[in-house]
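Colleague: Could you take me slowly through a single part of this model, with the cut-offs behind each term?

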Amino acid sequence: MDGQLLLVLLLLLGASSLWGQEPGPGGPLEEPLEEEVLEEDGILVLSQRTLGLALQEHPALLVEFYAPWCGHCKALAPEYSRAAALLAAESAKARLAKVDVPAEPELAEEFAVTEYPTLKFFRDGNRIHPEEYTGPLDAEGIAEWLRRRVGSSATQLEDEEGAQALIDARDVVVVGFFQDLKDKDVAIFLAVAQDALDMTFGLTDRPQLFQKFGLTKDTVVVFKKFDEGRADFPVDKELGLDQGELSRFLLTHSMHLVTEFNSQTSPKIFAAKILNHLLLFVNQTLAPHRELLAGFQEAAPPFRGQVLFVVVDVGADNDHVLQYFGLKAEEAPTLRFINIETTKKYALVDRGPVTATSVAAFCHAVLGGEVKPYHLSQEVPPDWDQRPVKTLVGKNFEQVAFDETKNVFVMFYAPWCAHCKEMAPAWEALAEKYKDHEDIIIAELDATANELEAFPVQGFPTLKYFPAGPGRKVIEYKSTRDLETFSKFLDNGGELPAEEPKEVPGAPFPETPENSTLEPKDEL
């Protein structure tokens, strides 16, 4: 009996140690609950208690950190679910998960989540160094981004038949020709391929393929079914392959010499990182306008990589583009040049015919500093100061904003900006609240129709405070966009009390030239 009793005691002690529980005062041991990773629409629902378990079970895990009230997150939700379904149908190794950040603040702090949605990719259970998600926010884009991380990002080509089949299968195919597939340049090539989701990649070390495509040294070749058909990027034997240079080359040469602007092409237009854009505004329903496209195309090749040539159809849904450049549809055909970094715009003064010669001359003149930028400004409305929210335009901005007797709080907005529309009631309420304060002016300025050289606006809405007094002081407001916080800011002389956060995690992203100048979007 003594032996049996000892065995029972040892088992109890072992169980207590395993559970990690001590008897509570006045009560028995509490048995821990078995944690289970919940699943919703094919997506793992994680918490502080289950994230570690999910990382152990899934070597490739993409996690969305979201807030239930976030508009961007709501827009992403159906795409995220579709991506999960696509991967599940392929029996892919990657899984998708999500974390409700307001309900799991510890995870937000651990992973430095300050914006919604934030997506992070965890590989092989590594909780310390997740990779930031850099892909598109549509289902196929999410799935492809993950495919290229859990599998190879390039197809290895062994013979001419396989190479030709790959090249024929897509409009743009990139093939890396490397004499040694263990060379470090190959790793750089594959890293670039991981993120260039709109291109198909191949890889080979076969001498017969070098010979077939007329190559004698390591080269990355872009094969395309448009323009010149092929573009070569020789690998520098001494310096090796530069990832940044190769990425820029692929972006530049995977685009058409002339790109028609629409909702599908606009993300790539801005992703190309070519700062100078030349836009030809035409009405594609009119034959004389369509005839101008040949000359525009003819002028483009010498400027590849320096100026992006874009056609905007004024007969399509592009009113926001016209408004941004201060144009009306009936002014087409016409040319406009813009540097998207400085947002400076240039107009062709000579209203002569649009030809290859005139287009090239206009580009050279702008790049050479021979053309001055123009600035949009509306006329001052007769009733600009009759409402609680005062209306500013380019022609009265200086006089009002820098009045040394007034504290002026200005919202720079775009008529199509969803965040501006969302904030408008709070702005109106603020103006109503302070309308009887003689030293405070609440104003708004349509920054798409009125440009201020001293205050380039990079995103919408932008809020700036111009305090009374000399010195032309300007304070940019970057906190919560609600009546209470606005009021505290004004009552405290243009700054928030110490206890107020300067940045609010999850505050809406300002809509920027990259995501909204030419294509306004309510959500990411």
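Modeller: What follows is a close look at one helix, with its ends, its cover and a ring contact.

This is a predicted model, in which local features need pLDDT of at least 70, side-chain atom pairs count only at pLDDT 80 or more, and totals for chains, interfaces and linings use all residues. Residues are numbered from 1 along each chain as its sequence is written, and side-chain values use heavy atoms, with hydrogens and water left out.

Helix α5 covers residues 139–150, where helices (H or I, at least four residues) and strands (E, at least two) are DSSP runs numbered from the N terminus. The expected span of a helix is 1.5 Å times one less than its number of residues, so the 12 residues of α5 should span 16 Å, and the 17 Å between its end C-alpha atoms agrees with this.

At the start of α5, a side-chain oxygen of Asp 138 comes to within 3.3 Å of the backbone nitrogen of Glu 140.

As for cover, 10 of the 12 residues of α5 are buried (under 20% relative accessible area, with exposed over 50% and partly exposed in between, for a 1.4 Å probe and protein chains only). Among them are Ala 139, Gly 141, Ile 142, Ala 143 and Leu 146, but also the residues Glu 144, Arg 147 and Arg 148.

Trp 145 and Arg 149 are likewise buried, and the charged end of Arg 149 sits over the ring of Trp 145, 3.6 Å from its centre (the rule asks for NZ of Lys or CZ of Arg within 6 Å of the ring centre and within 35 degrees of the ring normal). An α-helix has 3.6 residues a turn, so residues three or four places apart point the same way.

Definitions and conventions. A polar contact is a pair of N or O atoms within 3.5 Å; within protein, one must be able to donate a hydrogen and the other to accept it, and residues adjacent in sequence count only if both atoms are side-chain atoms.
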